[in-house]
Amino acid sequence: MALAAKLQLRQSQSLVMTPQLMQSIRLLQFTHVELERFIDDEIERNPLLERAEPQDDAASDQAQKADAAPEVVGDWFETETAWSAEAISEKLDTSLENLFPDDPGTSERLGPDLTAQWKSASGNGSSSSSSEGFDAADMAAAAITLRDHVGEQVALAFADPAARLIAGELADGLDEAGYMRADMAEIAVRLGTNEAAVAKVLAVCQAFEPAGIFARDLAECLALQLAIRDRLDPAMKALIANLELLARRDFQTLKRICGVDEEDLLDMLAEIRALDPRPGMAFSGGASDAIVADVEVRAANDGSWTVELNAETLPRVLVDHIYFAQVSPHAKNQTEKDFLAECLQNANWLTRSLDQRAKTILKVASEIVRQQDAFLVHGVRHLKPLNLRTVADAIGMHESTVSRVTANKYMLTPRGVFELRYFFTASIASSGGGDAHSSEAVRDRIKQLIDEEKPVDVLSDDAIVDMLRESGVDIARRTVAKYREGMNIPSSVQRRREKRALASAGR
């Protein structure tokens with residue numbers, strides 16, 4: 001068989017992920033904080049991008065527009081103009097067809113009963129800072145660090161100035177997990193003392209809170225916590241001394257070394273799992289960011305719901321065409337011309353992508369509100385089973401797009417702030433053949449049954465199953481147990497013991 005070289009012409013289709021398309025996809029799943037950080041980076045790289053400062057009043061805005069050259073118009077990502085649900089599908093940029101090829105619009109799906117509009121960004125100045133007002137977050141106490149927490153205990157534990165100085169040096173050697181990484185011999189030399197004195201102070205510091213700090217390795221950290229619980233018996237000491245066997249899951253050897261049977265070893269392992277291997281991490285979280293709702297839902301006068309985007313989460317970005325018109329004639333070579341053209345193209349694409357992102361969030365949120373109308377009116381018991389595909393089919397988008405939109409986005413409703421993912425729950429069949437029940441609604445029902453149980457009649461999981469089936473919920477016992485444990489509710493045996501203890505204490 002002879003081998004020969006020949007040319008073949010083949011035609012095929014494939015999806016090309018351009019940088020602009022990838023950017024648009026990333027923008028969909030960005031949180032408000034991530035989006036602001038991304039825009040700041042883009043403004044730093046692109047001289048044609050700048051943030052649009054909000055105007056103090058309408059007059060100054062009109063004056064600025066009058067002063068602008070009529071032939072050079074700034075391309076704004078504005079939220080001043082109100083958009084109705086019927087106008088959402090208008091003015092879409094056709095260059096985004098690769099991202100939303102199956103988006104036929106929204107107006108025909110939302111219907112007249114659901115009003116969805118852009119929230120005015122001008123407002124009453126509530127989003128702008130004022131020198132006369134104050135933010136409650138600014139008055140919140142600063143987070144306590146691990147060093148501060150340990151310093152308070154050092155001041156109380158040591159009256160001797162020398163011991164207090166040693167304790168301070170040891171505290172400086174703590175890492176963020178609470179382990180003491182400083183060298184004791186080095187501390188002794190630096191302070192002009194001996195290692196025995198440093199070890200004596202260290203022993204006192206190892207009794208500080210949280211339990212396990214000032215340990216020099218994992219085994220010592222676990223041993224300190226067990227000692228405080230009075231559980232550091234010889235068998236547990238042997239287990240702690242052979243953590244490498246535990247990591248290899250060599251339980252047979254551990255049983256022989258510790259001198260225990262399988263049941264005792266399982267109890268010991270459960271105690272080990274309950275310990276904290278990094279006790280100092282509780283002080284390293286820093287201040288938590290307040291949740292800012294991306295969408296706001298309010299009751300309308302006609303009994304429907306008004307869905308609006310939160311103006312605080314809508315970045316205002318300006319493409320400076322005036323600056324482009326000024327500098328482009330002075331480009332010295334083709335490289336500079338290409339750079340300016342690329343900056344203009346990226347700036348225009350970013351503003352359109354931000355616009356499309358906002359409209360997509362609004363469309364998804366509006367459909368969620370339409371699907372979960374009963375929840376907004378009556379509460380969690382009326383939360384319907386919902387999945388991403390149902391919403392995607394209703395608004396004519398791909399399921400992956402809906403998934404990106406609902407990730408880390410929040411909705412402010414009359415019943416509180418909820419992540420968009422909260423409204424997507426699993427379906428539990430009805431015992432009577434009717435509509436299915438939401439898993440979140442079933443969890444709430446289980447919690448109510450347990451809260452209402454009497455001390456003399458504590459409900460078992462089987463009893464809860466029977467009561468739920470009587471109310472039309474077809475659920476298995478293991479599912480009830482899983483939901484109960486997920487809500488940190490003890491078993492019926494533990495609850496019965498607690499109620500008896502409380503009753504005895506009351507006598």
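K359 is buried, with a relative accessible area of 2%; buried means under 20% relative accessible area, exposed over 50%, and partly exposed in between, with a 1.4 Å probe and protein chains only. K359 forms a salt bridge with D355, and their closest N and O atoms are 3.0 Å apart. A salt bridge is a side-chain nitrogen of Lys or Arg within 4 Å of a carboxyl oxygen of Asp or Glu. Both K359 and D355 belong to helix 15 (residues 334-371), where they are four residues apart, about one turn of the helix. Helices (H or I, at least four residues) and strands (E, at least two) are DSSP runs, numbered from the N terminus.

## Basis of the model

The model is predicted: local features need pLDDT of at least 70, side-chain atom pairs count only at pLDDT 80 or more, and totals for chains, interfaces and linings use all residues. Residues are numbered from 1 along each chain as its sequence is written, and side-chain values use heavy atoms, with hydrogens and water left out.

## The chain as a whole

The protein chain contains 22 helices and 10 strands. Of its 507 residues, 39% are buried. Among contacts (heavy atoms within 4.5 Å) between residues at least 6 apart in sequence, 66% join residues at least 24 apart.

The accessible surface of the protein chain is about 29700 Å², and carbon and sulfur atoms account for 50% of that area. Accessible areas come from the Shrake-Rupley method with a 1.4 Å probe; for residues, only the protein chains shown count as cover.

## Further salt bridges

The whole structure has 21 salt bridges. In one of them, the side chains of R389 and E399 meet at 3.2 Å, N to O. This pair links distant parts of the chain, with R389 in helix 17 (residues 388-395) and E399 in helix 18 (residues 399-406), 10 residues apart. E399 is partly exposed, at a relative accessible area of 29%.

Another salt bridge joins D451 to K447, with the closest N and O atoms 3.0 Å apart. D451 and K447 are separated by about one helical turn because they stand four residues apart in helix 19 (residues 439-451). D451 is exposed, with a relative accessible area of 52%, while K447 is partly exposed at 39%. Elsewhere, salt bridges link E36, D40 and R51 in a network.

## A nonpolar surface patch

I291, L412 and V417 form a nonpolar patch on the surface, and their accessible area together is about 250 Å². Patches are made of residues with over 30% relative accessible area and no salt bridge; like charges are joined within 9 Å, and nonpolar side chains (Val, Leu, Ile, Met, Phe, Trp, Tyr) within 5 Å. V417 lies in strand 8 (residues 416-419) and is partly exposed, with a relative accessible area of 43%.

## A loop serine and the cysteines

S304 sits in the loop between strand 4 (295-299) and strand 5 (305-309). At 9% relative accessibility, S304 is buried. Its side chain makes a polar contact with the side chain of D302 at 2.6 Å. A polar contact is a pair of N or O atoms within 3.5 Å; within protein, one must be able to donate a hydrogen and the other to accept it, and residues adjacent in sequence count only if both atoms are side-chain atoms.

How many disulfides does the structure hold? There are zero disulfides, a disulfide being a pair of cysteine sulfur atoms within 2.5 Å. C258 is buried, with a relative accessible area of 9%, and C343 is buried at 6%.
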